[in-house]
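I opened this model to look up how its parts pack against one another, and I kept these notes as I went.

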Amino acid sequence: MTILEKPKQTLHTKDPNASFLSYMHQWIATSDHKKLGVMYVTTGLLFFLIGGLEAAMMRWQLAWSGMDVVGPEEFNRLFTMHGTTMVFLVGMPILLGVANYLVPLMIGARDLAFPRLNAFGFWLFFFGGLLLYFSYFGAQGLYGMGSAPDVGWFAYAPLTERTFSRGHSTDYWILGIGISGFGSIATGINLITTILTMRCPGMSLMKMPLFVWLMFIDAILIMIAMPPLTAAQIMLLFDRWLGAHFFDTQGGGSAVLWQNLFWFFGHPEVYILILPAFAYVSEIIPVFSRKVIFGYPLMVAATIAIGFISLGVWVHHMFALGLSPMVNAIFMGSTMLIAVPTGIKMFNWIATLYGGRIRFQTPMLFSLGFLTQFLLGGLTGIMLAVVPFDWQVSDSYFVVGHFHYVLFGGLVFSIFAAIYYWMPKVTGRMLSETLGKWHFWLLFIGFNLTFGPMHVSGMLGMPRRIYTYHPDRGWELWNLLSSIGVLFQIAAILFFTYNVLNSLFKGKKAGDDPWDAWTLEWETTSPPPEYNFPEIPTVHSRRPLWDKKHPEDPDWKYE
Amino acid sequence: MTTDELHPRPSEPQGIELPAPSSSPFTCAFGVTLIAAGLVTQWIVTIIGAMIMLIGAIGWFKEVHPDDREETIPFEEGPAAITARNQKVLRLMQGTRHRQRVPAEIHPYSAGLWGGIIAGIVMAVVATIGSLIEHGSLWYACNLLSATILIGVESQTAEQLAQFNSTSLIVAITIQVVMSIFIGLIYGAVLPMIPRFQLLFAAAFVPLLWTGLTWATISVINPTLQANIDWLWFIGAQITFGLVAGWWIIHTEKIDTMQNWSYLERTGMESPGIPSQGGEES
């Protein structure tokens with residue numbers, strides 16, 4: 001056993017005696033869940049910038065009819081890489097990173113159950129992402145040029161067969177996403193094991209913070225949903241390289257099989273992405289309302305119900321396929337059913353706000369933005385669950401508007417809420433409230449300006465994935481509004497970037513518990529030491545820090 | 001020799017043991033990626049990747065076998081003492097009227113029913129007067145209303161819409177009756193929950209909201225129909241309905257809800273000393 005005498009080192013300061021290489025080695029060789037969490041989130045945010053730039057290029061091209069910013073082939077690559085990046089290289093790493101950082105702290109553990117597996121998972125994701133983007137340089141397209149994947153983020157068969165997708169661009173998509181997927185599975189195993197076996201004394205399952213419950217169900221969904229995608233990708237590789245015909249319709253294969261396998265992953269994936277958003281706001285809303293979360297047991301039950309039902313709704317992505325009316329009716333019913341537990345959550349968050357002493361600080365603003373926008377996305381989701389309506393607007397901009405309200409208005413807003421809320425814990429420095437509010441309002445306006453009009457252009461018949469359109473369709477105004485919204489979003493992201501960089505060096509000292517919060521991560525220092533807690537804490541209620549602050553009125557008397 | 005030297009006390013722990021840093025996971029993951037990258041570049045990349053992965057895997061194995069390699073992290077300065085910022089804890093008291101709007105009294109369903117029917121008749125009269133003034137016909141508004149269901153009516157010319165059509169009349173009356181009763185019942189249920197300005201809510205807020213929604217969506221749903229609507233008369237008819245239905249309902253006598261009953265009354269128990277519904281002691 002080696003005993004190392006190490007000076008205290010935080011995320012934003014480095015040991016002046018250490019060389020740059022040894023500093024980098026600390027990060028590369030680390031198995032500390034907090035450092036890995038930071039690496040996950042940072043990498044996810046960098047990919048967010050790249051994916052955002054791709055979206056901005058597309059909006060520039062579509063701002064008016066007949067624009068010539070990018071050609072059709074490049075446009076195909078842009079929407080493929082944008083979708084793939086945002087789902088696999090932004091949403092997944094950020095949710096895994098935040099869980100990595102916070103789950104051990106919230107359950108009073110020193111690390112995840114398998115620290116080295118955790119590091120392995122991160123590096124698989126990281127290299128998988130790099131491999132995907134290497135396709136811009138390495139994949140041989142039809143004319144021998146470097147070429148990124150261009151088959152859409154759900155890569156429908158038989159478009160992905162070798163006959164239609166020459167060169168290696170689709171192979172890069174398969175391999176890059178496949179490798180990242182293995183990383184996600186590794187982290188899923190880690191989270192489940194950690195939550196089940198490493199909770200501190202007194203923390204029964206029904207005393208876990210809601211964040212931990214949600215990440216637990218999320219990890220289970222990852223374990224169930226990712227393998228079918230990986231299997232389908234391997235089958236596709238067999239088709240492309242070894243002459244198999246799983247998805248080759250001309251050779252007796254089935255394109256519908258790909259859709260079933262992909263969406264069996266793809267729809268739970270939506271919930272894999274949105275459950276962490278629920279987790280963040282379930283922690284933030286009570287703290288900023290100064291009230292305990294309303295209906296904790298029902299929130300847990302709703303989480304489990306969402307996890308379960310989300311595995312049985314995938315066919316609603318395939319309504320326009322021409323399946324039998326009975327199949328469509330069953331999946332229409334199951335899709336509507338999932339609105340019930342989701343609605344329970346929505347009402348419980350509102351009930352938590354109700355009568356509370358609300359503090360409109362930046363994390364709360366982003367959480368409220370999440371509530372309103374996710375609600376709208378959910379409502380259009382229910383509209384799309386109705387088969388005849390889905391037939392009308394399938395593959396139109398209405399659908400694009402809908403899922404951006406869920407994943408951007410829901411997930412991304414909650415991610416920003418989480419960053420403003422937990423970053424003081426991670427860095428020991430506060431983010432600027434003024435800049436944060438600028439960030440929120442610009443993003444709120446920009447987001448709604450971009451994605452609100454898409455519902456209208458979709459209703460007017462504009463199909464998704466077209467690279468230009470004729471001027472006589474009545475779509476120009478709505479597209480122009482959408483593109484103007486992007487300018488607001490870019491400004492918002494610039495405010496955010498400056499705020500983060502500025503706070504790392506000049507931010508106000510946060511202290512251990514800047515929000516007067518109640519969960520265990522706020523009990524330790526900011527940033528926490530490598531071992532998290534000098535002594536493993538013992539808890540008696542769902543709000544252990546409240547109990548310590550108010551020994552005369554502890555929560556365990558009421559739970 | 002001191003006592004301490006004779007019986008040395010167990011030393012205080014200097015730190016906490018955690019898994020030592022390791023580059024093996026990084027190496028292993030890099031190797032796996034190169035194996036995959038070789039499939040789409042050169043086979044030699046796959047070979048190199050396999051070797052790197054093997055090095056990483058062996059290194060990883062050595063770190064966990066026979067025991068986990070660990071390092072001791074020395075204690076750092078501990079967290080600050082936990083104190084409450086605000087000792088005062090407020091509780092939501094039961095029985096207070098804290099932002100609650102539970103209607104203790106409501107209008108009977110019949111109020112909404114009759115309010116809706118009467119308002120529907122007056123609204124139809126206003127709409128008919130509008131058609132008479134604007135198009136010189138009693139039937140224009142009636143035909144237009146039927147166009148929400150009957151296919152092809154909306155694309156008729158103004159002259160055709162001004163003509164009498166028995167099918168249109170039957171359909172329009174059916175729509176008007178059903179919708180009037182439906183909206184009247186909703187008004188009857190909702191108005192008691194509005195704390196103030198109930199008539200304003202019924203006669204202005206809801207009609208304007210409904211008109212706005214219709215105006216915003218009908219151009220998408222049925223643009224031909226939209227071209228034939230006289231929006232001023234449309235708003236006038238909506239406000240008339242809201243005014244009449246709201247006035248009728250508000251002026252109907254209210255009845256108690258179960259919110260006023262005791263728990264025993266709500267469960268339907270009967271015993272001496274417990275007043276029955278209506279306040280008479282049984």
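This is a predicted model: local features need pLDDT of at least 70, side-chain atom pairs count only at pLDDT 80 or more; totals for chains, interfaces and linings use all residues.

**Contact between the chains.** I next looked up the contact, to which chain A gives 48 residues and chain B gives 40 residues. On the side of chain A that touches chain B, the elements giving two or more residues are strand E1 (2-3) and the helices H1 (20-28), H4 (115-138), H5 (169-197) and H16 (544-549) of chain A. Which element gives the largest share of that side? I found that H4(A) does, with ten residues. By class, I recorded 22 nonpolar, twelve polar and 14 charged residues on the side of chain A that touches chain B.

**Helix pair in chain A.** I then turned to helix H7 (residues 255-289) and helix H13 (residues 397-427) of chain A, which pack at an angle of about 40° with their axes 9 Å apart. H7(A) and H13(A) are therefore oblique to each other, and H7(A) passes H13(A) in a left-handed crossing. The contact of H7(A) with H13(A) divides into 13 nonpolar residues, two polar and no charged.

**Helix pair in chain B.** Here I looked up helix H2 (residues 24-40) and helix H3 (residues 43-64) of chain B, whose axes lie 7 Å apart at an angle of about 160°. H2(B) and H3(B) are therefore roughly antiparallel to each other, and H2(B) passes H3(B) in a left-handed crossing. Their contact has 17 nonpolar, eight polar and one charged residues.

**B:Pro103.** Last, I checked B:Pro103, which lies in the loop between strand E2 (70-74) and strand E3 (105-106) of chain B. B:Pro103 is partly exposed, because 15 other C-beta atoms lie within 10 Å. Leaving aside neighbours within four places in sequence, B:Pro103 is in contact with B:Pro192, B:Met193 and B:Thr257. I also noted that the C-alpha atoms of B:Pro103 and B:Leu191 are separated by 9.7 Å, while the two residues are 88 residues apart along the chain.

Technical notes
Residues are numbered from 1 along each chain as its sequence is written. Chains are lettered from A and ligands numbered from 1 in the order in which they are written. Two residues are in contact if their C-beta atoms, placed from the backbone, lie within 7 Å. Helices (H or I, at least four residues) and strands (E, at least two) are DSSP runs, numbered from the N terminus. Ala, Val, Leu, Ile, Met, Phe, Trp, Tyr, Cys and Pro count as nonpolar, Asp, Glu, Lys and Arg as charged, and the others, Gly among them, as polar. Axes are lines fitted to C-alpha atoms, for helices over the stretch in contact, and angles run from 0 to 180 degrees between N-to-C directions. Angles under 35 degrees count as roughly parallel, over 145 as roughly antiparallel, 65 to 115 as roughly perpendicular and the rest as oblique. A crossing is left-handed if the near helix is turned anticlockwise from the far one by less than a right angle, and right-handed if clockwise. A residue is buried if 20 or more other C-beta atoms lie within 10 Å of its own, exposed if 12 or fewer, and partly exposed in between; C-beta atoms are placed from the backbone.
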